[in-house]
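This briefing is for a reader meeting the structure for the first time.

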Amino acid sequence: MILHIATASLAHAAPILSAAISAGFRESGAQSLRNLDDPNALPMVAVRSAGLAFESVIGVVQNPANPPQASHKSDGEEEMQQQREKEEIIEALVDEDYLEMLVDIANERFEANTERIRRFEEALFGIEGKKIEYEWEDRETRNERKKREGLARREELRNRGERQRAVDGDADDEDIMVAF
């Protein structure tokens, strides 16, 4: 498994990397650290692990390579011959008992990987057993939401400033100060 997470700074990358390593993703690390003095640089956290990967050869696929030969067959017979030449031959190298054992091992690995991912989510989001609901936003939807949030924040700051001036007795319209 490999998951890349772009972060705003090295300070933002550190807790993500810590959560990944503590969850069992030992091969995780931080990348893109060359230009940390550049304010536009985005450190990348790579969450990765190959420790529970699983591979096994269980069969082979052979495609008979019969060279075309000149023949005096009809079109239908020639098509049937070409079809037979294209068919693949699949040969099992293991019996069903061995295949069942491999499936059991693979399922155990899936469970272990699922548990690692759960631990990573808990460490990252601090949720301990709660189900996380993810909602995807496309770029346009996100921009609209951020604009609404920014306007609401500006309005909140404006109202807070007006209330403060009313308390202080300096309610001039020219004194409105908005901070972002």
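The model is predicted.

**Whole chain**

- The protein chain has 180 residues, of which 14% are buried.
- Among contacts in the protein chain with a separation of 6 or more, 61% are between residues 24 or more positions apart.

**The sheet**

- Three strands form an open sheet in the order β1-β3-β2, and their pairing is antiparallel.
- The edges are β1 (2-6) and β2 (29-31); each has a single partner strand, so one side of each is left without a neighbour in the sheet.
- From one strand to the next, the twist averages 25 degrees.
- Strands of a sheet pair through backbone hydrogen bonds, either parallel or antiparallel.
- The antiparallel pairing of β2 and β3 extends over 3 bridges.
- Gln31 has Met44, in β3, as its bridge partner.
- The helix α1 lies across β1, β2 and β3, and runs at about 5 degrees to β3.

**The nonpolar core**

- In soluble globular proteins, nonpolar side chains tend to be buried together.
- The largest nonpolar core has 11 residues: Ile5, Ala13, Ile16, Leu17, Ala19, Ala20, Ala23, Phe25, Val45, Val47 and Phe120.
- At least two residues of this core come from each of α1 (10-23) and β3 (44-48).
- With 6 residues, α1 provides the largest share of this core.
- One of the core residues is Ala19; apart from its neighbours within four places in sequence, Ala19 is in contact with Phe120, Ala123 and Leu124.
- Phe120 is therefore both a member of this core, which is a set of buried residues joined through side-chain atoms within 4.5 Å, and a contact of Ala19.

**A loop residue: Ala53**

- Ala53 sits in the loop between β3 and β4 (59-62).
- Is Ala53 buried or exposed? Its relative accessible area is 52%, and exposed means over 50%, so Ala53 counts as exposed.
- Ala53 and Met1 are 52 residues apart along the chain, and their C-alpha atoms are separated by 8.6 Å.

Terms used. Residues are numbered from 1 along each chain as its sequence is written. This is a predicted model: local features need pLDDT of at least 70, side-chain atom pairs count only at pLDDT 80 or more; totals for chains, interfaces and linings use all residues. Side-chain values use heavy atoms; hydrogens and water are left out. Buried means under 20% relative accessible area, exposed over 50%, partly exposed in between (1.4 Å probe, protein chains only). Helices (H or I, at least four residues) and strands (E, at least two) are DSSP runs, numbered from the N terminus. Contact means heavy atoms within 4.5 Å. Two strands pair if DSSP finds at least two bridges between them. Axes are lines fitted to C-alpha atoms, for helices over the stretch in contact, and angles run from 0 to 180 degrees between N-to-C directions.
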